[in-house]
Amino acid sequence: ACRAWRSPERIHEILKDSRIGAHGAAAIVLSLLIRAHAMAALLTAPWTWIPAAVALSRGGPVLLAAVSKPAGEGLGRRFRQELEGHTAVVVAVQCIAAAFLCGLWPAIALLAVLGLALPAARVYFHRRLGGVTGDCLGAFSQVVESASLVVLVCLRSV
């Protein structure tokens with residue numbers, strides 16, 4: 001069912017609820033399956049590939065928070081308010097360095113994932129919620145890690 005009709009206020013109410021619904025459970029299972037299968041396929045890849053994907057998935061939410069408005073009143077707002085500009089620059093440099101430890105083409109592919117996902121997530125979350133919450137940042141981390149690992153599997157297959 002499409003949930004596009006929900007207001008930002010209703011979405012914030014849902015996000016405050018600690019229970020997980022069917023769609024949340026399905027998302028978690030899908031994320032785990034994608035990441036487990038991708039990592040299994042990358043066991044014979046260069047050792048830096050999996051850590052680079054993980055590094056981008058951890059740096060990505062910091063970069064998303066840096067370019068987004070906070071929404072809601074939770075930890076995401078506090079994280080965004082305390083995030084300093086130089087921290088985001090350092091994280092961006094670390095993401096680039098982690099990607100380039102994999103070699104030129106894997107780095108380009110990994111940075112493309114982050115470079116495409118970041119503005120898309122920002123636009124989506126700003127339209128739906130008026131900014132980002134801690135849940136948005138966590139979801140973004142999972143998406144970036146899954147997409148990065150899948151892209152690396154595709155590169156490995158070439």
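**Notebook, opening entry**

Which helix holds R78? I looked, and R78 is found in helix α4, residues 75–82. Helices here are DSSP runs of H or I with at least four residues, strands are runs of E with at least two, and both are numbered from the N terminus. I then checked the surface: R78 is exposed, with a relative accessible area of 51%. My cut-offs are under 20% relative accessible area for buried, over 50% for exposed, and partly exposed in between, with a 1.4 Å probe and protein chains only. R78 and T133 lie 55 residues apart in sequence, and their C-alpha atoms are 9.5 Å apart in space.

**What I am working with**

I note that this is a predicted model, in which local features need pLDDT of at least 70 and side-chain atom pairs count only at pLDDT 80 or more, while totals for chains, interfaces and linings use all residues. Residues are numbered from 1 along each chain as its sequence is written, and side-chain values use heavy atoms, with hydrogens and water left out.

**The whole chain**

I went through the secondary structure and found seven helices and zero strands. Read from the N terminus, the order is α-α-α-α-α-α-α. Of the 158 residues in the chain, 35% are buried. The accessible surface comes to about 9200 Å², and 68% of that belongs to carbon and sulfur atoms; the areas come from the Shrake-Rupley method with a 1.4 Å probe, and for residues only the protein chains shown count as cover. I also looked at contacts (heavy atoms within 4.5 Å). Among those between residues at least 6 apart in sequence, 78% join residues at least 24 apart.

**The core**

Which residues have the most contacts inside the largest nonpolar core? I found L56, L64, L110, L114 and F140, in a core of 33 residues. Helices α3 (49–66), α5 (85–100), α6 (104–129) and α7 (134–157) each supply at least two residues of this core. By nonpolar core I mean a set of buried Ala, Val, Leu, Ile, Met, Phe, Trp, Tyr and Cys residues joined through side-chain atoms within 4.5 Å. As a reminder to myself, nonpolar side chains tend to be buried together in soluble globular proteins.

**α3 against α5**

How do α3 and α5 cross? Their axes come within 9 Å and cross at roughly 155°. Axes are lines fitted to C-alpha atoms, for helices over the stretch in contact, and angles run from 0 to 180 degrees between N-to-C directions. The two helices are therefore roughly antiparallel to each other, a label for angles over 145 degrees; under 35 counts as roughly parallel, 65 to 115 as roughly perpendicular, and the rest as oblique. The crossing of α3 and α5 is left-handed. From α3, the contact is made by A52, A55, L56, G59, V62, L63 and A66, and from α5 by A88, V91, A92, C95, A98 and A99. For handedness I use this rule: left-handed if the near helix is turned anticlockwise from the far one by less than a right angle, right-handed if clockwise.

I picked out A92, found in helix α5. A92 is partly exposed, at a relative accessible area of 25%. A92 and L63 are 29 residues apart in sequence and 7.1 Å apart in space, C-alpha to C-alpha.

**α2 against α7**

Helix α2 (residues 22–41) packs with α7 at an angle of about 35°, with their axes 9 Å apart. This crossing is left-handed too. S31, I34, R35, A38, M39 and A41 in α2 meet Q142, E145, S146, L149, V150 and V153 in α7.

Is S31 buried or exposed? S31 is buried, with a relative accessible area of 12%. Beyond four places in sequence, S31 touches Q142 and S146.

Neighbours within four places aside, I34 is in contact with S146 and V150.
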